[in-house]
Amino acid sequence: MIDIEIDNGSGFCFGVTTAIKKAEEELEKGGTLYCLGDIVHNGRECDRLKQLGLITINREEFLKLRDAKVLLRAHGEPPSTYETAQKNNIEIIDATCPVVLRLQQRIKQEFDKNDNINKQIVIFGKNGHAEVLGLVGQTQGNAIVIESPEEVSKLDFAKDIRLYSQTTKSLDGFRKIVEYIQEHISKSATFEYYDTICRQVANRMPNIQSFASKHDMILFVCGKKSSNGKVLYNECKRVNENSHLIDDASEIDLELIKKAKSIGICGATSTPKWLMEECRDAITSNLDGEN
């Protein structure tokens, strides 16, 4: 008999839970509700909300919208989005995560200081990611985005540096960047850094390490677009080579699972609990069918 366990520490983070709850509440009222971009980086959850009436639009479609109601997801948006909404009579349902919102405000305050025109505002994050677009927008597009510690060398160490991080990046990567800058910054320049990584995500790392190590096989359920999902999955893979990234139950290799005595099912902050449960049920029903 195969032992199957779902990781209690996996599943939606606070920001995503709040955004989905707001969407469901608005949809219950009736009327048309749009969402600027995927509300969460999980295709199955997006499909569920689509069936409830949520219409996902891209930025180009948003710019053409008039007299409508639009939900802004947890990732946050740049100031230009709010300006467009005001101009086009769009009612905003703002589901920006409080952690992201505070980070936006901090970056904007730093940018607005105008204390040094050569100051570099640096964001450790993924170029083009929704959250990062919102953060860079606070600086009128002037912030420098570094995707990995290896890219830190492109900074000008003769100029002041203010370092922030996308909320879902790894603590280890952030610390490596801090160390490199501290070692290379000019004595005539100043360096300040702010650990703005969300602990709801960062704290999952030690939990996922422990969870992955105690099972023969790990099924990491996650949408391919999820940024923190890639980080967490890579950690699973590092601890347990027999870790597999799947979108949903249809991608489970049923022949492979028969070789395991213990299977752990976990996921990203964008993975709904119901989807992990669906994967568990698919395994048990298949095994029961063979008995």
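**Entry 1: second largest pocket**

I sorted the lining of the second largest pocket by class and got 2 nonpolar, 3 polar and 6 charged residues. My classes: Ala, Val, Leu, Ile, Met, Phe, Trp, Tyr, Cys and Pro are nonpolar; Asp, Glu, Lys and Arg are charged; the others, Gly among them, are polar. I worked on a predicted model, where local features need pLDDT of at least 70, side-chain atom pairs count only at pLDDT 80 or more, and totals for chains, interfaces and linings use all residues. Residues are numbered from 1 along each chain as its sequence is written, and side-chain values use heavy atoms, with hydrogens and water left out.

I then listed the lining: Lys126, Glu147, Lys169, Ser170, Met205, Ser227, Lys230, Val231, Asn234, Glu235 and Arg238. A pocket here is an open set of points on a 1 Å grid over the protein atoms alone, where a 1.4 Å probe fits, with protein on both sides within 12 Å along at least five of seven lines; lining residues have an atom within 4 Å of a point. H10 gives the most to this lining, 6 residues. The volume is about 240 Å³, taken as the space filled by probe spheres set on the points, which are joined across faces, edges and corners.

**Entry 2: largest pocket**

I read about 330 Å³ for the largest pocket. It has 24 lining residues, and Cys13, Val16, Thr167, Thr168 and Thr269 are the closest to its centre. By class I found 11 nonpolar, 12 polar and 1 charged. Helices H1 (14-28), H5 (98-112), H8 (199-202) and H10 (227-239) each supply at least two lining residues. H1 has the largest share, with 3 residues.

**Entry 3: strands E4 and E5**

I checked E4 (residues 69-72) against E5 (residues 91-94) and found parallel pairing over 4 bridges. Pairing requires at least two DSSP bridges between the strands. The chain runs from E4 through helix H4 (residues 79-87) to E5, a right-handed β-α-β crossover. Right-handed means that, with the strands pointing away from the viewer, the path from the first strand over the helix to the second runs clockwise. Lys69 stands opposite Glu91 in E5.

**Entry 4: whole chain**

I counted 12 helices and 12 strands. These are DSSP runs numbered from the N terminus: helices are H or I with at least four residues, strands E with at least two. Buried residues make up 52% of the 291, buried being under 20% relative accessible area with a 1.4 Å probe, protein chains only. The C-alpha trace spans about 70 × 55 × 25 Å along its principal axes.

Methods:
Buried means under 20% relative accessible area, exposed over 50%, partly exposed in between (1.4 Å probe, protein chains only).
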